[in-house]
Amino acid sequence: MPNYLFLLHENPAAFAKVSPEEMQAIIQKYAEWKKRMQLAGTVVGGTKLQDGTGRVLRQKRGETTVTDGPYTEGREVIGGIFEVKAENFDAAVEAARECPHIEYGVIEIRMVEVH
Amino acid sequence: MKYDKKMGPGKSSDGSSSSKISATLPNSPARSIPSTDADQLVAHLFRHQRARIVASLTRVFGASHLSLAEDVVQDALIKALQQWPFRGIPENPAAWLTLVARNRALDLLRRDASLADKVSELERVLPQTAAPSQSEIDDQLALILMCCHPALSDEWQIALTLKSVCGFSTAEIARGFLTEEKTIAQRLVRAKRRLREKKIAFELPDEAEFSERLAAVMRVIYLLFNEGYGATRGDDLVRPDLCEEAIRLATLLITHERGRVPEVHALLALMMLQAARLPARTQSDGTIALLADQDRTLWDQRLIASGFRHLGLSADGRKITAYHLQAEIAAIHGTAANGVETDWAKVVSLYEQLYELEPTPIVALNRAIALSRWQGPEAAIRSLEGLAKNRALRNYHLLPAVLGELWTQTGDFGRATKAYQKALNCDCTAPERHFLESQLRMVVDRNQIRP
């Protein structure tokens, strides 16, 4: 069975609109979703990426520049990654549908290549 | 929605989106597994902790920096939203939020050399223990008083209280009062600006001013409760959220020695006794259940008991306020086993006393309804004649709605029809509209049966 990564894209500007009550509801749903996934043996791993820090390297005409980033003004950043087991993309999508991240961000699903 | 059919090993041949994860993954909510206690957050924890920390931070930063205090707390909540899904809910969520907010606040204070002395104040004022300190209770009271300052208009007071004290988002406030989000946002900006302009201090007023300031707070709480109890427009008849907040705020007043006065007990009694009936106010299909038709077994007996306790504490022989009278009326309803056994004569007398204090249409209508139960519909209709002529009440649906009911009771279905039609021309909530339409159909039918 292949593994899939859920890349959780978010734009912190989206958080400005979420009320304390709604945030609590999302966290509650997360706890329940993860529990279901764990019981189903679906979740393989989860990695939270530190917010607000990072570096971006680019090479232009032979010169490599390093900048702080990615920063988030108006742009989406990957906040974290879940790795799940699923039989196929359809199944992975069904699992992602219930991931509460979808309420305020985008979930990109990629399959992990097996050699 | 099309999925890529080239899925590699294990693809589902029919391309359907059925779940094929290794073990059965429950998709429907009905099959979701309940969380253990460790995964549960106390209801409204985020809102309440937010309010608590905002109050303490405003004490430290100063009243003119209310927005800064709110930003700091919002940052802490967002951090929780970003991290807890991965790390799990911490064992002491309130302490976690407090610590993060504290650290952020300390960062801000340390950047400014002139604020160095506030660092120790912050550490003193925001302890990490679960039980609120006296200073935290003081701060929450000071915050409510500030948000209900007479320099602000009623609408600003309500918006600011809901935002800063109750932790509602602008969108939630807008939904609660059926206004636009940007209208609420503007009110908040203006209110905070007014607080800065008038240099309103973050402190408890002295004795002389206190009771007047407290009265303003009680009025805001009462308005909030009423909006939740009998919403004026929209899809919901009641918004229990708002009622709950109103009761919580009044309870907060009581925890403070200076808020523990008979009027506040009366207000609490009134709200608790009415809120106890909320579970029975709407029927399972969302339509209204009139008091006479409510399933009284659904009433919250615990709230009724608490209401009575506060009613007792409200009677100290000095003055009777409108809150006292309304609490007494609610108490009579709360203890009557059914509509027939209610002491309607007493209810009418209480409404007459209330009308002397507050000669409003809603009081007159409630008196009329009680009067109809005591002396019959004709007496009630007569009592409403003056009101019916009042042009200011043209768009007030309750008046023709009540007249419709009263005429129906007298058997005059023709007049009842006209009354219900008039009611439907006014603004009201969707469940009320639904109810009025069914009443209209009923009286139209009855009117046609008569020769």
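## Chain A at a glance

Buried residues make up 43% of the 115 residues in chain A, where buried means under 20% relative accessible area, exposed over 50% and partly exposed in between, using a 1.4 Å probe and protein chains only. This is a predicted model, with local features needing pLDDT of at least 70, side-chain atom pairs counting only at pLDDT 80 or more, and totals for chains, interfaces and linings using all residues. Residues are numbered from 1 along each chain as its sequence is written, chains are lettered from A and ligands numbered from 1 in the order in which they are written, and side-chain values use heavy atoms, with hydrogens and water left out.

Chain A has two helices and six strands. Helices (H or I, at least four residues) and strands (E, at least two) are DSSP runs, numbered from the N terminus. Walk along the sequence and you get β-α-β-β-β-β-α-β. The C-alpha trace spans about 50 × 45 × 20 Å along its principal axes. Of the contacts in chain A with a separation of 6 or more, 79% are between residues 24 or more positions apart; contact here means heavy atoms within 4.5 Å.

## The four-stranded sheet

Four strands of chain A form an open sheet in the order β2-β5-β1-β6, with antiparallel pairing. Its edge strands are β2 (43-48) and β6 (106-111), each pairing on one side only. Neighbouring strands are turned by 20 degrees against each other on average, direction ignored. Two strands count as paired if DSSP finds at least two bridges between them, and axes are lines fitted to C-alpha atoms (for helices, over the stretch in contact), with angles running from 0 to 180 degrees between N-to-C directions.

Inside this sheet, β1 (residues 3-10) and β5 (residues 77-85) of chain A pair in the antiparallel sense over eight bridges. A:F6 sits opposite A:F82 in β5(A). As for the helices, α2 (residues 89-97) of chain A packs on the sheet and touches β1 and β6 of chain A. The direction of α2(A) makes about 155 degrees with that of β6(A). Helix α1 (residues 20-39) of chain A lies across β1, β2 and β5 of chain A, running at about 30 degrees to β5(A).

## The β3-β4 hairpin

Now for the other two strands of chain A. Strand β3 (residues 55-60) and strand β4 (residues 63-68) run antiparallel and are joined by six bridges. One bridge pair to look for is A:L57 with A:V66 in β4(A). Two residues lie between the strands of this hairpin, and A:R61 takes a positive phi near 50 degrees.

How many of the six residues of β3(A) are buried? The count is zero, and this strand is hardly covered.

## Chain B: helices throughout

Chain B has 21 helices and zero strands. Of its 451 residues, 51% count as buried. Among its contacts between residues at least 6 apart in sequence, 62% join residues at least 24 apart.

Helix α10 (residues 240-255) of chain B has 16 residues and reaches 22 Å from its first C-alpha to its last, close to the 22 Å expected at 1.5 Å a residue. That expected span is 1.5 Å times one less than the number of residues. The buried residues of α10(B) include B:L242, B:C243, B:E245, B:R248 and B:I254.

## Where α1 and α5 of chain B cross

The axes of α1 (residues 45-61) and α5 (residues 134-147) of chain B come within 8 Å and cross at roughly 85 degrees. These two helices are therefore roughly perpendicular to each other. Angles of 65 to 115 degrees get that label, while those under 35 count as roughly parallel, over 145 as roughly antiparallel and the rest as oblique.

On the α1(B) side, the residues in contact include B:A51, B:R52, B:V54 and B:R59; on the α5(B) side, they include B:E136, B:D139, B:L143 and B:M146. The residues of this contact divide into five nonpolar, three polar and four charged. Ala, Val, Leu, Ile, Met, Phe, Trp, Tyr, Cys and Pro count as nonpolar, Asp, Glu, Lys and Arg as charged, and the others, Gly among them, as polar.

## Two buried residues in chain B

B:V220 is in helix α9 (residues 207-229) of chain B. Is B:V220 buried or exposed? B:V220 is buried, with a relative accessible area of 4%. Not counting residues up to four places away in sequence, B:V220 touches B:C148, B:Q157, B:I158 and B:T161. B:V220 and B:G259 are 39 residues apart in sequence and 15 Å apart in space, C-alpha to C-alpha.

B:T170 belongs to helix α7 (residues 170-177) of chain B. B:T170 has 17% relative accessibility, so this residue counts as buried. Leaving aside neighbours within four places in sequence, B:T170 is in contact with B:K163, B:E181, B:I184, B:A185 and B:L188.
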